[in-house]
Amino acid sequence: MAAPEGQWVLMATGRSPTNIAVIKYWGKRDEALILPVNDSISVTLDPGHLSATTTVAVSPSFPSDRMWLNGKEISLSGGRFQSCLREIRKRACEFEDEKKGIKIKKEDWEKLHVHIASYNNFPTAAGLASSAAGFACLVFTLGKLMNVKEDYGELSSIARQGSGSACRSLYGGFVKWCMGKKDDGSDSLAVQLADETHWNDLVIIIAVVSSKQKETSSTSGMRDTVETSPLLQYRAQTVVPSRVLKMEEAIKNQDFESFAKLTCADSNQFHAVCLDTSPPIFYMNDTSHRIISLVEKWNQSEGTPQVAYTFDAGPNAVLIARNRKTAAVLLQKLLYYFPPQDKDLSSYLVGDKSILGDAGLHSIEDVEVLSAPPEMKIQDQKFKGDVSYFICSRLGTGPKVVVDENQALIDSVTGLPKGV
Ligand SMILES: Nc1ncnc2c1ncn2[C@@H]1O[C@H](COP(=O)(O)OP(=O)(O)OP(=O)(O)O)[C@@H](O)[C@H]1O
Ligand SMILES: C[C@@](O)(CCOP(=O)(O)OP(=O)(O)O)CC(=O)O
């Protein structure tokens with residue numbers, strides 16, 4: 001290390017998207033390495049709406065590894081953080097910045113400590129896959145800092161050891177996590193099926209359903225399912241392999257009918273294996289069921305699917321509309337049943353707010369005069385307050401370096417999070 005000992009702080013900042021599975025990962029064959037029992041497929045969401053931003057810093061003056069998440073210091077002692085740090089350090093390469101007088105040899109990285117600050121632009125641990133965006137961002141940004149060779153497949157298999165679904169956030173667009181066969185997990189990694197420009201008509205509306213924090217985490221829920229559900233074997237060995245092939249074909253051909261049918265069926269089967277677990281796990285609630293019913297009835301009345309729904313380990317609905325026009329009609333139907341509790345429409349729909357204009361919803365008065373969806377039996381009942389808010393988004397890119405140093409979350413002089 002050529003610079004005066006302890007005088008420098010070297011930093012990198014990255015931003016990573018979250019993703020939502022359309023063919024679900026549920027069940028591990030190896031808990032420590034996080035190896036799944038089946039392949040899964042996801043869509044990456046626009047990082048402008050849902051992403052993690054992480055700054056990692058290294059300095060000879062740091063006595064230990066530390067991390068701050070959304071401004072609060074958290075422990076890095078857990079096995080998942082330790083696995084990601086260890087695997088990235090192993091692959092670190094020599095780095096030199098002559099102007100700043102910094103030289104770090106390959107073997108120096110093992111001795112240097114890092115400070116990590118991360119911020120999610122959406123609620124953490126609220127069923128919106130913050131762990132996927134977070135671990136993908138951590139691994140991607142550490143890789144940049146430590147000059148790791150750009151092999152996204154390998155990075156994805158490291159992110160997988162932070163949280164399984166995180167491996168799919170290393171790419172934009174449509175992504176497949178190949179379960180792999182090897183015991184060491186080296187072939188359990190993500191590949192991109194198509195980038196975000198391949199099928200850009202799709203519009204994603206997320207209904208963030210009001211709920212307390214979930215009772216069963218994905219990690220413990222899937223462990224219980226593996227141990228107790230006879231249905232999971234059938235799903236992993238027979239159903240998913242053929243669905244994955246069909247889903248890849250649907251994505252390749254932009255076949256919305258097939259895409260929507262597979263997405264809804266797979267979400268429903270995932271929740272069925274949760275119910276088949278002993279004791280049973282319930283992630284969806286009455287609001288989730290009402291949204292399913294709304295979409296199913298509409299799709300049926302149109303004769304062909306307009307919207308796909310999928311639910312992760314929580315009650316939030318992720319709705320994928322075939323195009324903007326359909327998304328605008330969907331929003332009208334949703335707001336008819338789930339009007340905002342207060343008069344502020346603009347904070348009730350975040351992300352791409354321009355969809356409100358497309359739906360002709362400029363004020364709360366426009367929501368109040370919406371007519372009931374004709375295909376629905378329940379016309380006179382509304383469920384104000386059952387949805388906290390909506391997010392309108394689209395498919396997005398994979399992780400990116402944030403070059404603007406003003407956006408770094410760590411102060412380049414103190415090496416501590418800004419504002420601490
Ligand atoms: N930006 C981040 N950087 C690193 N780790 C993060 C980040 N955001 C979240 N995490 C990790 O993920 C954990 C939250 O994961 P959890 O599975 O409980 O919630 P979620 O991913 O938001 O929801 P779900 O898995 O139901 O979609 C946090 O406690 C933290 O360990
Ligand atoms: C329902 C899911 O969202 C489950 C995600 O599980 P996690 O990736 O959060 O679990 P761990 O690997 O234990 O961290 C389906 C999916 O994203 O494929």
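This is a predicted model: local features need pLDDT of at least 70, side-chain atom pairs count only at pLDDT 80 or more; totals for chains, interfaces and linings use all residues.

Colleague: Which strand gives the most to the lining of the second largest pocket?

Modeller: Strand S1 does, with four residues. The elements that give two or more residues to this lining are S1 (10-17), strand S9 (95-97) and helix H2. The pocket has a volume of about 470 Å³. Of the 19 residues that line the second largest pocket, those closest to its centre are Leu10, Met11, Ala12, Lys100 and Glu405.

Colleague: What makes up the lining of the second largest pocket by class?

Modeller: That lining has 12 nonpolar, two polar and five charged residues. Leu, Met and Ala count as nonpolar, and Lys and Glu as charged.

Colleague: What is the volume of the largest pocket, and which residues are closest to its centre?

Modeller: Its volume is about 1,000 Å³. There are 47 lining residues, and Ala129, Ser130, Ser131, Ser163 and Ser218 are the closest to the centre of the largest pocket. By class, the lining divides into 22 nonpolar, 19 polar and six charged residues.

Colleague: Which elements each supply at least two residues of the lining of the largest pocket?

Modeller: Strands S2 (19-23), S6 (51-59), S7 (66-69) and S11 (113-120) do, together with helices H1 (79-90), H2 (130-145) and H4 (218-228). H2 gives the most, with five residues.

Colleague: Why are H5 and H6 called roughly antiparallel?

Modeller: Helix H5 (residues 230-252) and helix H6 (residues 256-275) pack at an angle of about 160°, with their axes 10 Å apart. Angles over 145 degrees count as roughly antiparallel, and H5 and H6 are therefore roughly antiparallel to each other. H5 passes H6 in a left-handed crossing.

Colleague: What makes H1 roughly parallel to H2?

Modeller: The axes of H1 and H2 come within 10 Å and cross at roughly 25°. Angles under 35 degrees count as roughly parallel, which means that H1 is roughly parallel to H2. H1 passes H2 in a right-handed crossing.

Colleague: How do you know that the peptide bond from Ser278 to Pro279 is cis, and where is Pro279 found?

Modeller: The omega of that bond is near -5°, and the bond is cis. Pro279 is found in the loop between H6 and helix H7 (286-302).

Colleague: What is the phi of Ile34, and where does Ile34 lie?

Modeller: Ile34 has a positive phi of about 55° although it is not a glycine. Ile34 lies in the loop between strand S3 (28-30) and strand S4 (35-36).

Colleague: Which residues does the UniProt domain annotation cover?

Modeller: In an unreviewed UniProt entry, the annotation "domain: Diphosphomevalonate decarboxylase-like N-terminal" covers residues 17-190. In the model, the end C-alpha atoms of residues 17-190 lie 14 Å apart, and the span is 21% helix and 30% strand.

Note on methods: Residues are numbered from 1 along each chain as its sequence is written. Chains are lettered from A and ligands numbered from 1 in the order in which they are written. Side-chain values use heavy atoms; hydrogens and water are left out. On a 1 Å grid over the protein atoms alone, a cavity is a set of points where a 1.4 Å probe fits but cannot get out, and a pocket is an open set with protein on both sides within 12 Å along at least five of seven lines; lining residues have an atom within 4 Å of a point. Grid points are joined across faces, edges and corners, and a volume is the space filled by probe spheres set on the points. UniProt positions are given in the numbering used here, feature names are shortened, and annotations may be inferred rather than shown by experiment. Axes are lines fitted to C-alpha atoms, for helices over the stretch in contact, and angles run from 0 to 180 degrees between N-to-C directions. Angles under 35 degrees count as roughly parallel, over 145 as roughly antiparallel, 65 to 115 as roughly perpendicular and the rest as oblique. A crossing is left-handed if the near helix is turned anticlockwise from the far one by less than a right angle, and right-handed if clockwise.
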